[in-house]
Structure formats: structure tokens, C-alpha cells
Amino acid sequence: MDRQILNTNAIAFIGLCNEYCTTLENARESERETFTESMLKLLPRLYISATDLTVNFIEDDEPYIDNVLDEDYYESVRRGIETLMGEHDIYLEVFEEDMKYSDTPVSASISEGLTDIFQTLYNFLNTVRDTTDEITAMALLAVREDFRGYWSATLCNVLRALNHLAYTE
């Protein structure tokens, strides 16, 4: 790999994405405590790694990630986590924009939050698998933009819920 395009942070991020996706895909075979512990270790590492992503390659094309995850597989992964988490899957979301205008609590789902992140990272990994450094760099730019605009907040919210579950049960 050309180190000028893909630095060690980018390579480490790709490895973390793979570890995260594999962990979610195998959630059905896990125990809730073990899965929660894994997520409490993986999510902060993903956050830091995504925050530190720098891409030393700029091309005129728009950054992109191929959308390859189909709805059935998304639902299969989400349901596996939902079943694993059981009654602990739902948590109150205090950072939801609608919360300002609501008299009732707004709930969110650990399984859906984790699977939303999974969707981005799964698509990212499939985009960078067996491709050129230039395509990988464009996908890294796209995943960094998506992190900043969307899944960083999702990650923090789910991490808070998992932390509560781990240390109050």
C-alpha cells in the first residue's frame, strides 16, 4: 500500500471496522455481558480512530461508499442484537431533537443504533476490499464525512446506554 495515501491511522481504522462488523455479525452466538463488554471496548476505539482519520489524497471526484448491504441482512443483524439485548435494547434518548417539543420520553434502540453504524462500516469495507489505494482514500473521506455528520452521535448515544447497562446491572 502506498503509505502517502493510506497512513497507519487509516489502516488501523479499517481493521477496527472489520472487528466491529464481525462482532455484530456474530452477536447471536454471544452472551449479552460479553457482547456489551466488547462494544464498550470497540466503540471508543472506533470513535477515536474515526476522529483521527486523515487522508493524504485529494481527487476531484466526490467521496463515496458503495451501498451493498441489503435490507434483509441489516434486519438479520439488528434482530440478532435485539434478541441478545432483550428488555435492555430500548433506552431513553435525551439528545433527540424532538425531545425539546415532547411531553413524553423519546426512546431509542441499542440494536438499531449499532446496526446503523454497522451499515456504514459494512458498506465501507466492501468498497475498499480488493481495490486501489485511490478508491480506498475516497471511501475513507466518505466514511469520515458520514462519521462527522451522523454516526458519531449515534455511537456516543449507544455507548452511553451500554455503559449504563454494564455498570448498573
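Helix α2 passes helix α3 in a left-handed crossing, a term used when the near helix is turned anticlockwise from the far one by less than a right angle (clockwise is right-handed). The model is predicted: local features need pLDDT of at least 70, side-chain atom pairs count only at pLDDT 80 or more, and totals for chains, interfaces and linings use all residues. Residues are numbered from 1 along each chain as its sequence is written, and side-chain values use heavy atoms, with hydrogens and water left out.

**The α2 and α3 pair**

- Two packed helices are described by the angle between their axes and the distance between the axes.
- For α2 (residues 32-51) and α3 (residues 71-85), the axes come within 9 Å and cross at roughly 115°; axes are lines fitted to C-alpha atoms, for helices over the stretch in contact, and angles run from 0 to 180 degrees between N-to-C directions.
- On the α2 side the contact (heavy atoms within 4.5 Å) is made by R32, F35 and T36, and on the α3 side by I81, L84 and M85.
- These contact residues divide into 4 nonpolar, 1 polar and 1 charged, where Ala, Val, Leu, Ile, Met, Phe, Trp, Tyr, Cys and Pro count as nonpolar, Asp, Glu, Lys and Arg as charged, and the others, Gly among them, as polar.

**Helix α2 itself**

- With 20 residues, α2 reaches 28 Å from its first C-alpha to its last, close to the 28 Å expected at 1.5 Å a residue; the expected span is 1.5 Å times one less than the number of residues.
- Buried residues of α2 are R32, F35, T36, M39, L40, L42, L43, L46, S49 and A50; buried means under 20% relative accessible area, exposed over 50%, and partly exposed in between (1.4 Å probe, protein chains only).
- The cover over these buried residues includes α1 (8-25), α3, α4 (110-128) and α5 (133-168).

**Overall layout**

- The protein chain has 5 helices and 2 strands, in the order α-α-α-β-β-α-α along the sequence; helices (H or I, at least four residues) and strands (E, at least two) are DSSP runs, numbered from the N terminus.
- Of its 169 residues, 44% count as buried.
- Among contacts between residues at least 6 apart in sequence, 80% join residues at least 24 apart.

**The nonpolar core**

- The largest nonpolar core has 48 residues, and those with the most contacts inside it are F13, Y20, L114, L121 and F124; such a core is a set of buried Ala, Val, Leu, Ile, Met, Phe, Trp, Tyr and Cys residues joined through side-chain atoms within 4.5 Å.
- Two or more residues come from each of α1, α2, α3, α4 and α5, and α5 gives the most, with 13 residues.
- Not counting residues up to four places away in sequence, L121 touches F13, C17, Y20, C21, L46, V143 and W151.

**Individual residues**

- N18 lies in α1 and is partly exposed, with a relative accessible area of 40%.
- The C-alpha atoms of N18 and F124 are separated by 9.8 Å, although the two residues are 106 residues apart along the chain.
- V68 lies in the loop between α2 and α3 and, at 42% relative accessibility, counts as partly exposed.
- Leaving aside neighbours within four places in sequence, V68 is in contact with Y122, N123 and N126; the C-alpha atoms of V68 and N123, 55 residues apart along the chain, are separated by 5.7 Å.
- Most residues other than glycine have a negative phi.
- D130, in the loop between α4 and α5, has a positive phi of about 55° although it is not a glycine, and at 78% relative accessibility D130 counts as exposed.
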